[in-house]
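Reader: Please show me the structure. I have some questions about it.

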Amino acid sequence: METAVQQFLLKLPNEKREPAMFIRELVLSANKEITDSIKWRQLAFSYKKTSFAFVYTYATVNYINLGFFKAVELSDPQNLFEGTGKGMRHIKIRTIKEIPIAQVKKWVKEAISLLQVK
C-alpha cells in the first residue's frame, strides 16, 4: 500500500518528481528525527511534529518550490530565496543539478535550531 507521500510524488510529472524526490531524501537525511507527510496537499517536513519546510508546485509551472516557514531568519548569503511573505520564502527548482545541496542542508539545520529555541 502506498503512503500519502508516495502518492504525492507519483502524481508529479517526471520532470518535477525527480527533483522532489531528491529534495525529500536530502532533507530527511539531515536529521533522523525529521519526518515527512502531506499537509495542505503538499509535501511537508517536520521536526518533532513541528513543520519547518515544504515542497509545493502548481500544474501551470515547470518547477517545484522548496519553502521554509521561517526563511527570513535563515542565512541566505547568495540571495537564493524568493518571496515577500512575512516569514516564508522559497527557492524554485527545475532540475536536480540546480539544487544548492550544501545550502539546503545548512537551511535545514538552521530551521531545526530555530524550532529548538522556543
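Reader: Which residues of α2 are buried?

Author: This is a predicted model. Buried means under 20% relative accessible area. In α2, the residues that count as buried are Lys16, Arg17, Pro19, Ala20, Ile23, Leu26 and Val27.

Reader: Which helix gives the most to the lining of the largest pocket?

Author: The largest pocket has a volume of about 150 Å³. Its lining includes Gln7, Ile38 and Arg41, and by class it has five nonpolar, one polar and two charged residues. With four residues, the main contributor is helix α1.

Reader: Is Gln7 buried or exposed, or in between?

Author: Gln7 is found in helix α1. Gln7 has 36% relative accessibility, so the class is partly exposed.

Reader: What is the geometry of the pair formed by Trp40 and Phe69?

Author: The structure holds seven aromatic pairs. In the pair of Trp40 and Phe69, the centres are 5.8 Å apart and the planes are at 65°. Planes over 60 degrees apart count as edge-to-face, so the pair of Trp40 and Phe69 is edge-to-face.

Reader: Which residues form one aromatic cluster?

Author: Tyr56 is buried, at 13% relative accessible area, whereas Tyr58 is partly exposed, at 48%. Both belong to the one aromatic cluster, formed by Trp40, Phe54, Tyr56, Tyr58 and Phe69.

Terms used: Residues numbered from 1 in each chain as written. Predicted model: local features only at pLDDT ≥ 70, side-chain atom pairs only at ≥ 80, totals over all residues. Heavy atoms only, no water. 1 Å grid on protein atoms, 1.4 Å probe; cavity = no way out; pocket = protein on both sides within 12 Å on 5 of 7 lines; lining within 4 Å. Points joined across faces, edges and corners; volume = space filled by probe spheres on them. Helix = DSSP H or I, 4+ residues; strand = E, 2+ residues; numbered from the N terminus. Nonpolar A, V, L, I, M, F, W, Y, C, P; charged D, E, K, R; others polar. Buried < 20%, exposed > 50% of the residue type's maximum accessible area, 1.4 Å probe, protein only. Phe/Tyr/Trp six-rings, centres within 6.5 Å; stacked < 30°, edge-to-face > 60°.
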